[in-house]
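This report walks through one protein model, from its overall build down to single residues. Please look at the fold as a whole before reading on.

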Amino acid sequence: MRRIAATALAALSLFAHAAASAADHAAERPRLVVLLVIDGLPMRQVQTFKPQFGPDGLRRFLDHGVSYSQAFYAHAHTVTAAGHATLATGAHPARHGIVGNEWLDRATGAPVYNTEDRAHRYLEGRTAPDAGTSPKNLLVETFGDALRTHEPAAKVIGVSGKDRGAILPAGHKGVAYMYRSETGRFTSTTYYMQQHPAWVNAFNAKRNAERFWHAEWKPLRPEADYAGSSPDGQPWQGQAGFGKRLPATLGAGMEAPGERFFTDVLTSPFGDQLTLEFALAALRNEGLGQDDIPDVLTVSLSSHDYINHVFGPESRLSHDHLLQVDRLLQGFFRELDREVGAGRYALALSADHGFLDTPEYRRSKGLPGGRLPVGPALTALNNHLAAEFGLPKLARGLSAGTVLFDEAALAAKGVTMAAVTRSAAGFLQQLEGIATSYPEADLASSAAPRADQPHLQALRLSWYPPRTGQLALVPLEGWMYSSRPTGSTHGSSWAYDQQVPILLWGPAWFGQGEVKTRVQPADLAPTLARTLGLPPLAQAQGHPLPLPKEGAQEGPQKRRPRTPAATTAR
């Protein structure tokens, strides 16, 4: 009996030890967190095209991860820079300061690009005065910054086809690499380093973008599978260098690869292919995810946004491009499994904004839509204000979805801003395409919005006085500010611009299932910070996402020292 009891006790002890080890393993932080941003991807495309996805691209999230079907940006000016900064910081533009891709300086009216920093230059190619070279204008920390604050040996690397798609997620303490359409190469800036690592030079030496000279973009599926999308060649579609029909040949009609060709690469699936190849080169050469100190890799795929702008998100070209991205992600995930290990990294995928279907396409479906030319509208507004107040060019221009007025001119004449914005609002709301507007007093107020003010709170979250104007505008549903007769855009507080996917994968940390609770992209950074075992982000306004498997990411973290040679600059 004593032997039986001893054997049972030993077995129980062994089982308890095994259970504790399994629980401890599940509680460990991921060695690598990969944040994927598909620029300009509305959630409706993910839901519509899901049956056509492959088994281990987007379906890795949809079938084996966590999907949030009701994720909406809370801010109004839904553009690339604002979205990337929100995803990375957990704050809204009113707090993180990246109110748009560009804005007007409130004092001078001069344009400011979101990542411009004239103290720094690109390491490859020409640097324009307003080029995106650093995160100087980002006012708060990212989750990657917080990781490097607590774990200085951690690596944070951002890669994108756009400078803002690389710089803002990389934050102040990471390293950013961006594609340059002038050269077809990837580069960093002097903010991060004085010269490229050898592996970047080796990657660029292969002239990878030129591999796609005369490459053909062919549809992946039979014609019948695109029946729900707008056919190629519609009059409201714009035209890339390769035209506006598939199949298309890049470089057709050109003499040699140049800036137009390198831009076309980014307006095709080959741009995303190139970005993912560079991201994998960074993974391998920087040793990401190779020890117990977690790293962060952010990859922003820019091509979907360019394609949607030119052809519209309702187009067959956009439809096929998302299928191409899905296939590219399958290959990317296979490499992550091989290089890091399937149970050792976590994935998050989202978008920086949604997209408006082309207004002419909307009208063909019986929906409202139109284009409001900004230049003529501002000229007419200034003529109206000059007649009333005797001051020319009071409206300096649009600044992140708001009208900026010349405060100095008003003060010199003794005219109140309230009088000007009241007059401007009355004039603008007579224009076809403007739904309503809100003056600065409404934006600054903390009073709860009324039932007849559905856009006001979103406008407040986009309003940062040093970088935005004194009168916020709301376009009519389906309308866009544009003088171009083709293509589409985004940037409003309507649902088609605000709703995006939020997808997670990493069973040990997130679980599996669909969450129908309404959430926001500002919740993603706090979620990833918690997954990495970090304290709550001080400036975050979002909250950790609800999970089907709550508590999966709690617990102690094991650490192993990293040698100095493996660390990354800044």
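The protein contains 21 helices and 19 strands; both are DSSP runs numbered from the N terminus, helices being H or I with at least four residues and strands E with at least two. Its radius of gyration is 25 Å, close to the 25 Å that the globule rule gives for 570 residues, so the protein is as compact as a globular protein of that length. That radius is taken over C-alpha atoms, and the rule is 2.2 Å times the number of residues to the power 0.38.

The model is predicted: local features need pLDDT of at least 70, side-chain atom pairs count only at pLDDT 80 or more, and totals for chains, interfaces and linings use all residues. Residues are numbered from 1 along each chain as its sequence is written, and side-chain values use heavy atoms, with hydrogens and water left out.

**Overall build**

Along the principal axes, the C-alpha atoms fill a box of roughly 105 × 60 × 50 Å. Of the 570 residues, 60% count as buried. Buried means under 20% relative accessible area, exposed means over 50%, and partly exposed lies in between (1.4 Å probe, protein chains only). The protein exposes about 22,000 Å², and carbon and sulfur atoms supply 54% of it. These areas come from the Shrake-Rupley method with a 1.4 Å probe; for residues, only the protein chains shown count as cover. Among contacts with a separation of 6 or more, 73% join residues 24 or more positions apart. A contact means heavy atoms within 4.5 Å.

**Cores**

The largest nonpolar core has 111 residues. Such a core is a set of buried Ala, Val, Leu, Ile, Met, Phe, Trp, Tyr and Cys residues joined through side-chain atoms within 4.5 Å. Phe143, Leu297 and Phe332 have the most contacts inside it. Helix 10 (residues 269-286) gives the largest share of this core, 9 residues. A second, separate core of 23 residues includes Phe389, Leu391, Ala424 and Ile434.

What does Phe143 touch? Its partners include Val33, Leu35, Ala88 and Val296, and also Ala525, Leu528, Ala529 and Leu532. Residues up to four places away in sequence are not counted here.

An open, mixed sheet is built from 9 strands in the order 7-6-5-10-1-11-18-2-19. Strand 7 (185-187) and strand 19 (513-515) stand at the edges, each with a single partner strand, so one side of each is left without a neighbour in the sheet. Neighbouring strands are turned by 15° against each other on average, direction ignored. Axes are lines fitted to C-alpha atoms, for helices over the stretch in contact, and angles run from 0 to 180 degrees between N-to-C directions.

Strand 6 (residues 175-180) has 6 of its 6 residues buried, so it is largely enclosed by the rest of the structure. In a regular strand the side chains alternate between the two faces of the sheet. Both faces of strand 6 are covered: Val175, Tyr177 and Tyr179 are buried on one side, Ala176, Met178 and Arg180 on the other. Val159 stands opposite Tyr177. At the other end, Val66 stands opposite Gly513 in strand 19.

Another open sheet has 4 strands in the order 13-14-16-15, with antiparallel pairing. Strand 13 (395-399) and strand 15 (434-439) are its edges, each with a single partner strand, so one side of each is left without a neighbour in the sheet. The twist averages 25° from one strand to the next. Thr436 has Val474 of strand 16 as its bridge partner. Helix 14 (residues 374-389) lies across strand 13 and strand 14 (402-405), at about 145° to strand 13.

Three strand pairs compare as follows; pairing requires at least two DSSP bridges between the strands.

| Strand pair | Sense | Bridges |
|---|---|---|
| Strand 5 (156-160) and strand 6 | parallel | 4 bridges |
| Strand 2 (66-68) and strand 19 | parallel | 3 bridges |
| Strand 15 and strand 16 (471-475) | antiparallel | 5 bridges |

**Backbone details**

A cis peptide bond joins Leu246 and Pro247, with omega about 0°. Pro247 sits in the loop between strand 8 (216-217) and strand 9 (248-249).

His214 has a positive phi, near 65°. His214 lies in the loop between helix 8 (198-205) and strand 8. At 47% relative accessibility, His214 counts as partly exposed. Ala400 has a positive phi near 55°, in the loop between strand 13 and strand 14. At 9% relative accessibility, Ala400 counts as buried.
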